[in-house]
Amino acid sequence: MRALVVDPDAQGSLRLGTVAEPQAAPHQLVVEVQHVSLNRGEVAFAGRLPAGTVHGYDAAGVVARAAADGTGPSVGARVIAFGAGAWAQRMAVATTAVAEVPDQVDLAGAAALPMAGVTALRTLRTRAILGRRVLITGAAGGVGRYAVQLAALGGAHVIASVGSEARAAGLAELGAHSVVVGLEGIDRPVDLILDNVGGQQLAAAWELLAPGGSVQNIGWASDEPAVFAPYSLFSVGPSKTMNTFGDVHEVGPDLATLLEFVAAGRLSPEVDWRGSWERVAEAAQALLDRRIAGKAVLDVEPTAAH
């Protein structure tokens, strides 16, 4: 079968190649993949993986072979999946990491949800946000645009931070109460920060955090170190915290929640770029250059019956 594999000599370190069929464990099903979505971090760090690795984690398609242990959706079900080796014509994935796609939800849009959507959902769930002030940095990206929408659904006062005026487009319509460039104009403390930027902006954002508040470290798009001034991490009163995020264990129920929101018209998949997976280098570069607002989705070449 064909797949997008790591090649350090290729543009963006990715190219289409031929690989062996996936071997499914008893708790895994096999998906005939129709669409995949790219995440900026996956693209940026592709070259760090061993050559020949089938890359990617987000896919949508149809179940081609059900799990041997009897769990999960049956053959023919439309699903989204989160798992290693997703950017291929077929992938094996744990039944705990898939969700069936409602009939009214477009499969290509659904493919954009797994990594970015679960990240936004789980980081927002780290504390009660109803009536709280939530700051989302890098809000124009994939995680950011989902986080803006989900935070608004949760009753938060949402502050969306972007890198330039041009990147602010559409965020108010998604639910942001205010949109700022950097941290300009934020004059009151915030209760929760979802940080996609890192660097000195992270250090500055920490100063805006209210006692008892927390920062969820999602990404580091700045590629710059964060230098905290002496004693800036000391705070009188309830503890302020900073947390890493990487919990992607058994995401199936969260994928189903995201799909329910999409089906109800409460969450937009925010696909800003779509094309054949033959154009992976073009899509990857657009992500790296921050020319995509939201998600990039690639259409996978179908295979003959096998």
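These are a few numbered points on the predicted model above.

1. Ground rules. The model is predicted, so local features need pLDDT of at least 70 and side-chain atom pairs count only at pLDDT 80 or more, while totals for chains, interfaces and linings use all residues. Residues are numbered from 1 along each chain as its sequence is written, and side-chain values use heavy atoms, with hydrogens and water left out.

2. Arg90 and its two partners. I'd start here. The structure holds 13 salt bridges, a salt bridge being a side-chain nitrogen of Lys or Arg within 4 Å of a carboxyl oxygen of Asp or Glu. Arg90 forms one with Glu21, at 2.4 Å from N to O. That pair links distant parts of the chain, 69 residues apart: Arg90 belongs to strand β6 (residues 90-94), and Glu21 to the loop between β2 (14-18) and β3. Helices (H or I, at least four residues) and strands (E, at least two) are DSSP runs, numbered from the N terminus. Arg90 also pairs with Glu32, at 3.2 Å from N to O. This second bridge runs from strand β3 to strand β6 and spans 58 residues.

3. How covered is that group? Both Glu32 and Arg90 are buried, with Arg90 at 4% relative accessibility. Glu21 counts as partly exposed, at 33%. The cut-offs are under 20% relative accessible area for buried, over 50% for exposed, and partly exposed in between (1.4 Å probe, protein chains only).

4. His35 sits in strand β3 (residues 28-38) and is buried, with a relative accessible area of 10%. A 2.8 Å polar contact joins its side chain to that of Asp299; a polar contact is a pair of N or O atoms within 3.5 Å, and within protein, one must be able to donate a hydrogen and the other to accept it, with residues adjacent in sequence counting only if both atoms are side-chain atoms. Asp299 also has a salt bridge to Arg274 (2.9 Å, N to O). Asp299 lies in strand β15 (residues 295-299) and Arg274 in strand β14 (residues 271-276), so the bridge ties together parts 25 residues apart in sequence. Asp299 is partly exposed at 23% relative accessibility, and Arg274 is partly exposed too, at 45%. Beyond four places in sequence, the residues in contact with His35 (heavy atoms within 4.5 Å) include Asp58, Leu107, Arg274, Val297 and Asp299.

5. A network to look at. Arg122, Arg125, Asp247 and Asp254 are linked through salt bridges.

6. Glu42 is found in helix α1 (residues 40-44). A polar atom of its side chain lies 3.1 Å from the backbone nitrogen of Tyr57. Leaving aside neighbours within four places in sequence, Glu42 is in contact with Ser37, His55, Gly56, Tyr57, Trp87 and Met115.

7. The largest pocket. About 1200 Å³ of space lies in it. Of its 44 lining residues, Arg40, Gly41, Asn196, Gly219 and Trp220 are the closest to the centre. The elements giving two or more residues to the lining are α1, α3 (114-124), α4 (142-153) and β9 (157-162), and α1 gives the most, with four. On a 1 Å grid over the protein atoms alone, a pocket is an open set of points where a 1.4 Å probe fits, with protein on both sides within 12 Å along at least five of seven lines; lining residues have an atom within 4 Å of a point. Grid points are joined across faces, edges and corners, and the volume is the space filled by probe spheres set on the points.

8. Two loop residues with positive phi. Asp223 has phi near 55° without being a glycine. Asp223 is in the loop between β12 (209-217) and β13 (241-244) and is exposed, with a relative accessible area of 64%. Glu250, also not a glycine, has a positive phi of about 45°. Glu250 is in the loop between β13 and α7 (252-263) and is partly exposed, at 43%.
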